[in-house]
Amino acid sequence: MLDKLNRNIDYLRISVIDRCNLRCVYCMPEEGIESIPHEEILTYDEILRICETVSELGIRKIKITGGEPLVRKDIVDLIKDIKNIEKIEQVTLTTNGILLYDMLDDLYTAGIDAINISLDTLNKEKFKKITRRVGLEKVLRSIDKAYKLGIRIKINCLAIRDFNIDELAEIANFAKDREIDVRFIELMPIGFGKKYTEIDNDEILSILESRFGVFETVTEKRGNGPAKYYRNENMKGCIGFISAISHEFCESCNRIRLTSNGFLKLCLHYNKGVDLKAPIRNGISDEDLKTLIHDTIWNKPLSHKFGHANGEQDIEVKNMVQIGG
């Protein structure tokens with residue numbers, strides 16, 4: 001559907017759980033955060049009802065996120081059921097890759113369209129420092145197996161000067177000999193991410209060009225989100241940048257988010273949106289639910305105000321694990 005600014009909103013990111021099996025320093029404290037009580041998390045039936053409803057409003061692409069979505073029991077069944085909704089064209093998944101290896105065959109059978117795998121370092125000790133857990137080998141095995149199965153893979157690397165500026169070219173190397181896109185994501189000043197320093201796109205591109213040669217802008221659309229892609233003649237995959245702060249893409253934003261406890265969120269920067277769980281559990285009709293969602297999306301904000309939000313109202317104070325990646 002179109003919002004009041006004539007943006008085509010066709011992409012819903014669904015956080016199915018706020019729990020995670022890692023403790024990344026830019027996401028949460030070492031002891032973790034207080035989890036939402038189980039009974040406050042949307043059930044699969046509730047998620048499916050929302051997916052059915054938004055599909056009638058023009059949502060065509062669903063991304064399953066968390067927390068870590070693969071932590072939630074029977075997640076493959078949910079993906080399969082969303083795939084079976086007539087008007088949904090794509091169902092994709094974002095994961096840290098720790099649990100992915102053993103679930104890949106079932107995900108492939110369920111028809112998953114693509115998987116984004118987070119990878120911020122190739123160094124075991126640095127992985128442990130960033131995530132406060134071990135498991136780099138599991139992530140790398142998952143990438144290899146997913147690629148061999150023929151699942152479309154993207155690697156998401158959060159570019160942080162404090163941790164991985166010296167590894168960006170090595171991480172980009174995943175795109176050299178395989179048709180895997182590597183995206184460098186600009187650090188968002190949300191929650192614990194405020195402690196760290198981002199790396200500008202231009203600097204990353206300069207680092208990569210010194211290793212791989214000149215990159216050219218990809219003009220055709222590639223993926224569902226706002227990433228800007230570049231192609232290099234020595235690479236089979238592409239390099240992407242998602243830069244919500246330095247290269248704001250609000251005017252073409254096509255996404256909304258559903259938190260694990262049922263809040264339909266319109267923009268990462270704001271807490272604006274609507275609670276869907278309460279009206280669903282109070283017996284709202286399908287038509288009234290559709291109207292509620294429609295009217296909420298219609299009022300999606302013009303843009304975020306990261307970096308110049310002093311005095312702004314309705315600013316989001318939750319951490320990313322609570323919102324959904």
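A residue counts as buried when its relative accessible area is under 20%. That cut-off applies here to a predicted model. Asn232 has 2% relative accessibility, so Asn232 counts as buried.

**Asn232 and its surroundings**

Asn232 sits in the loop between strand S8 (228-231) and strand S9 (239-242). Its side chain has polar partners. One is the backbone oxygen of Gly213, reached at 3.2 Å. Another is the backbone nitrogen of Asn234, which lies 2.7 Å from a polar atom of the Asn232 side chain. Neighbours within four places in sequence aside, Asn232 is in contact with Phe212, Gly213, Val214 and Phe215.

**Ser260, another loop residue**

Ser260 lies in the loop between strand S10 (255-258) and strand S11 (263-265). Its relative accessibility is 1%, so Ser260 is buried. Which residues does Ser260 contact, leaving aside its neighbours within four places in sequence? They are Ser15, Val16, Ile17, Asp18, Ile36, Glu40, Ile41 and Leu42. Arg19 is 241 residues away from Ser260 along the chain, yet their C-alpha atoms are separated by 9.7 Å.

**Aromatic rings**

The model has three aromatic pairs. In one of them, Phe163 and Tyr196 have ring centres 5.3 Å apart and planes at 45 degrees, so the pair is tilted. Phe163 lies in the loop between strand S5 (152-159) and helix H6 (168-172), and Tyr196 in the loop between strand S6 (181-186) and helix H7 (201-212), so the pair ties together parts 33 residues apart in sequence. Phe163 is buried, at 11% relative accessible area.

Tyr230 and Phe241 form an edge-to-face pair, 5.7 Å centre to centre with 80 degrees between the planes. Tyr230 belongs to strand S8 and Phe241 to strand S9, so this pair ties together parts eleven residues apart in sequence. Both residues, Tyr230 and Phe241, are buried. Ring pairs also link Phe184, Tyr230 and Phe241 into a cluster.

**Charges over rings**

| Charged residue | Ring | Distance to ring centre |
|---|---|---|
| Lys145 | Tyr101 | 4.3 Å |
| Arg178 | Tyr147 | 5.6 Å |

**Cysteines**

How many disulfides does the model hold? The count is zero. Cys27 is in no disulfide, and the nearest cysteine sulfur, in Cys24, is 6.4 Å away. Cys27 is buried, with a relative accessible area of 17%. A disulfide needs the two sulfur atoms within 2.5 Å. Cys238 is buried as well, at 2% relative accessible area.

Key:
Residues are numbered from 1 along each chain as its sequence is written. This is a predicted model: local features need pLDDT of at least 70, side-chain atom pairs count only at pLDDT 80 or more; totals for chains, interfaces and linings use all residues. Side-chain values use heavy atoms; hydrogens and water are left out. Helices (H or I, at least four residues) and strands (E, at least two) are DSSP runs, numbered from the N terminus. Buried means under 20% relative accessible area, exposed over 50%, partly exposed in between (1.4 Å probe, protein chains only). A polar contact is a pair of N or O atoms within 3.5 Å; within protein, one must be able to donate a hydrogen and the other to accept it, and residues adjacent in sequence count only if both atoms are side-chain atoms. Contact means heavy atoms within 4.5 Å. Rings of Phe, Tyr and Trp (its six-membered ring) pair if their centres lie within 6.5 Å; planes under 30 degrees apart count as stacked, over 60 as edge-to-face and the rest as tilted. A charge sits over a ring if NZ of Lys or CZ of Arg is within 6 Å of the ring centre and within 35 degrees of the ring normal.
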